[in-house]
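My notes follow in the order in which I checked things.

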Amino acid sequence: MFLPISKDDLKERGIEQLDFVYVCGDAYVDHPSFGAAIICRILESHGYTVGIIAQPDWKDDNSISILGRPRLGFMVSSGNMDSMVNHYFVSKKHRPSDAYTPGGEPYKRPDHATVVYSNLIRRTYKDIPIIIGGIEASLRRLAHYDYWSDSFKRSILLDSQADIISYGMGERSVVEIADALNSGIDVKDITFIKGTEYKTKNIDGLYENILLPSYDEMKLDKKRYADSFRIQSANTDSITGKVLVEEYPNGNYVVQNPPQPPLSMTEMDDVYSLPYERTYHPIYEDMGGVPAISEIKFSLISNRGCFGGCNFCALTFHQGRTIQCRSHESIIEEAKIIINDKDFKGYIHDVGGPTANFRHPSCEKQLTKGVCQNRQCLFPKPCPNLKVDHSDYLSLLRKLRSLPGVKKVFIRSGIRFDYLIEDKDDTFFRELVEHHVSGQLKVAPEHICDEVLSKLGKPENAVYERFRKKYKEINDKLGLKQFLVPYLMSSHPGSTLKEAIALAEYLRDLGYMPEQVQDFYPTPSTASTVMYYTGIDPITGKQVYVEHNPHEKAMQRALIQYRNPKNYELVMEALKKANREDLIGFGPKCLIKPRKMSDGAGHTYKDGKNNGHNNKKLQKDMRQNGKDTGKREKNNSSLKNRNSSPNGKNSGSKKKTIRNVHKKK
């Protein structure tokens, strides 16, 4: 049974007043891939009644009260995506559709949805507790750079007028918040729960806290923001993390408690065994359904967390670096539910998480001492303590492949190639290629220049080259012709036209033309975004080159797809600006050909700096053109007489003959 979304649903269930109302920027999809469904089902399993208001009309105050005043409070989330990323391309142009809205219709949620919904609630219910969470609130929980307005913003806790942020995944913290409210504790006194953030005017009672640079300091000095981010990055672990305090004007403070501990395997299993309907609410059927369900309906989540530590990714701040896994039994039980779905065709689309082939913590030390505060597990080199083992994941995949009704099990959520290539046992790599690739394996080297890769937090290009060669070798041994599709990023901090051209040359030599390129997108709570805003690497404190000019960024992007005719002018401009006109010409190493010019008689000739021989050819051909003019006119006159049949029967042969004549010329 779906959770209540209307007064009629409440009446049918005999509920006079809900304990909580969950307001969400997504349509209501009752599936464990949707954060709203997980949080609501968790609360329900602990005895609380919860209703959902999905995509309320933020221009109508009454839209927030359709389920009445809840007994304990409102919970608010923008949905599975940050509302600004959901709305806008990196160019800041509106996206034409929204996969989390019925029929894919755009503009069904406001910009900065968490703030807008919370303020709407606060206008309607002045004193009710408001708890915000989800990806948007989690990654904006402290002062941050906002790319879309190009401004430095306060904590979302202040702008939303909410009382508490439940950051991270939130299964434990929302239950603790609910229990505290249910026991009669005032929301302003709920300051003791891990994985939460609150606001206060008194920090005297805090213990072992770290005072971050104040909001005013960071707004005036970008370096102070980089300093703050470095401290935050070192305190994302539940074992080593300290209480962080950020000061605001007028004696206000935002206090972030340390993160919640990772869920145990049993707790993870419990989360995914709750009674989800596993699809969107039936009210959306006539609207075309919710498109996002197609991506996850036949996929299985096996883990969460990531110790990869890419600088452009916010997973460290949201899910943490410690891997959490479900048991094989739990995943197989869910697979059996999928297999019995009437629409299942035999293909499990994915088995993974943020990184599919992470199924255990990176080292045993993490379990008792937490993740290292000042070093990464894979970057710049794999840590000596790194445990590289795919045996558990391989065992799980074999069990899923053997289930009756399963034809193929794919892995689409991402393989960490630098981790895989460190495995001295090739068994998983071989079976990955043989059984789990659908013609193309997608990996994310992001770039090939080590200068840029170091800013991305990715391994040097030599590691990807080792992986690429090994992938080809295994395919050749198996007699398969499967391709490697690298995800590439343009305009990341550290990338100049020089590095963009080097990447284009690499693709030229590889004979590969990427269909998709991601221009760097500065989103909250990533080291890369801090670099973009401050020009400083927050980890090293060193200056970083950053390209802010949209036209220059367009040139970098165009170079990666230099074969696309639409990009010709941008590529030409980029090569000239970088003094790389040696790449304009007809040689095998050239990226583009010179421009074309007409001689006025229907011929076109190349024009470029290296085309002296073309100028001589132009003169010769123009002299020859004068000699041939009379002959061509005579032929055309003959053709005109021969093909002037009134019934038009010879029109096709006329065109063919003319083409042949010009071909001879």
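I count two strands as paired if DSSP finds at least two bridges between them. Helices (H or I, at least four residues) and strands (E, at least two) are DSSP runs, numbered from the N terminus. The model is predicted, so I note the limits: local features need pLDDT of at least 70, side-chain atom pairs count only at pLDDT 80 or more, and totals for chains, interfaces and linings use all residues. Residues are numbered from 1 along each chain as its sequence is written, and side-chain values use heavy atoms, with hydrogens and water left out.

I looked up the open sheet of three strands, and its order is 20-21-22 with parallel pairing. Strand 20 (440–446) and strand 22 (518–519) are at the edges with a single partner strand each, so one side of each has no neighbour in the sheet. Strand 20 pairs with strand 21 (residues 483–490) in the parallel sense over five bridges. In this pair I found Glu 446 opposite Leu 488 of strand 21.

Helix 19 (residues 461–478) packs on the sheet and touches strand 20 and strand 21; contact here means heavy atoms within 4.5 Å. The direction of helix 19 makes about 160° with that of strand 21. Axes are lines fitted to C-alpha atoms, for helices over the stretch in contact, and angles run from 0 to 180 degrees between N-to-C directions. Helix 22 (residues 550–560) lies across strand 21 and strand 22, at about 170° to strand 21.

Which residues does the cis peptide bond join? I found Phe 379 and Pro 380, with omega about 0°. Pro 380 is in the loop between helix 14 (366–369) and helix 15 (391–401).

I then looked up positive phi in residues other than glycine. Lys 92 has phi near 75° and sits in the loop between helix 3 (83–87) and helix 4 (113–124). Asn 250 has phi near 65° and sits in the loop between strand 11 (243–248) and strand 12 (252–256). For accessibility I use buried for under 20% relative accessible area, exposed for over 50% and partly exposed in between (1.4 Å probe, protein chains only). Lys 92 is partly exposed at 36%, and Asn 250 is exposed at 70%.

Side chains of opposite charge can pair when their charged atoms come close. My cut-off for a salt bridge is a side-chain nitrogen of Lys or Arg within 4 Å of a carboxyl oxygen of Asp or Glu. The search of the whole structure finds 45 salt bridges.

I looked up Arg 122 and Asp 163, whose side chains form a salt bridge at 3.2 Å, N to O. Arg 122 is in helix 4 and Asp 163 in the loop between helix 6 (156–160) and strand 8 (164–166), so the pair ties together parts 41 residues apart in sequence. Arg 122 is buried at 12% relative accessibility, and Asp 163 is buried at 12%.

Lys 387 and Glu 364 form a salt bridge, with the closest N and O atoms 3.6 Å apart. Lys 387 is partly exposed at 34%, and Glu 364 is exposed at 53%.

Arg 595 and Glu 569 form a salt bridge, with the closest N and O atoms 3.0 Å apart. This pair links strand 23 (residues 595–598) and helix 23 (residues 568–577), the two residues being 26 residues apart. I also noted one network of salt bridges with shared partners, joining Glu 505, Arg 508, Asp 509, Arg 580, Asp 582 and Lys 589.
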